[in-house]
Amino acid sequence: MPMFEYLKFDKNPKFDVLAKTEEYVSSQKIGAMSEDWYASDYVLRGPVIGPIGRKDLAGSQKGLGLMDAFPDVEIDTFGYNIDPENPYRCFYFQRWRATMTKDMDVYGSIYPSNGGEMETPVSTFCAVWNPDGKIVYEQVGAVVDRLEGNTQGKAAVFGLLHTAGVKLSAAPGDKVFSLIQRVGHWVGGQGRSWTKEEDIPEWWVSPSRGADATEQW
């Protein structure tokens, strides 16, 4: 896909991409993320989320109330590796564990605390840095083995939602879930699955949105 060629930039980073990614991931455990990490044309994409920018991403996550309901989230990160075809891209793995000890408020809908203990399957993540040392692209939550854990193959945020009782049948190419996302995107008010077209950076050329099927290039 053309945008992955774009994301290679000059193929010669002047900083240690792996070390910088480790520092970035470690900072996520501290609390609110500093926007200093991110490029102005940043995009995040997951299996059924994105392309989404920082403002919409923060708004969507805040409305879910996940960290309040799961205050003990433990994220085990390992296996940092640089993409041999793109020195600006660093892959890593994560396994999430947490317990639902408080009620979860999802845009006004209350999901009572159920004491559920969650363990997600291992999933892959990546961060792509630009030559200025800012993150321009993140891929998140691609499950390695859907049979692992106790969330029916759901990773990261979707694993938390599953444990809380929000049973989403969400997978790439799921036409029903894709339609639900499009209606929600049009109505607005409860977070976005992707950013408005006019706010998506020009370098992002993939036409798929949310749970749309993956296009062929």
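Which residue lies over the face of Tyr-38? In this predicted model, counting residues from 1 along each chain as the sequence is written, local features need pLDDT of at least 70, side-chain atom pairs count only at pLDDT 80 or more, and totals for chains, interfaces and linings use all residues. Side-chain values use heavy atoms, with hydrogens and water left out.

So, hello everyone, here is the answer: Arg-54, at 3.9 Å from the ring centre of Tyr-38. A charge sits over a ring if NZ of Lys or CZ of Arg is within 6 Å of the ring centre and within 35 degrees of the ring normal. Lys-20 also has its charged end over a ring, that of Phe-15, 5.8 Å from the centre.

Now, rings with rings. A search of the whole structure finds 17 aromatic pairs (Phe, Tyr or Trp rings, using the six-membered one for Trp, with centres within 6.5 Å; planes under 30 degrees apart are stacked, over 60 edge-to-face, the rest tilted). Take Phe-9 and Tyr-88: their centres are 5.5 Å apart and their planes are at 80°, so this pair is edge-to-face.

Are they buried or exposed? Phe-9 is partly exposed at 26% relative accessibility, while Tyr-88 is buried at 1%. Here buried means under 20% relative accessible area, exposed over 50%, and partly exposed in between, with a 1.4 Å probe and protein chains only.

Last one: Tyr-24 and Trp-129 are edge-to-face too, 6.3 Å centre to centre with 85° between the planes. Both are buried, Tyr-24 at 1% and Trp-129 at 0%.
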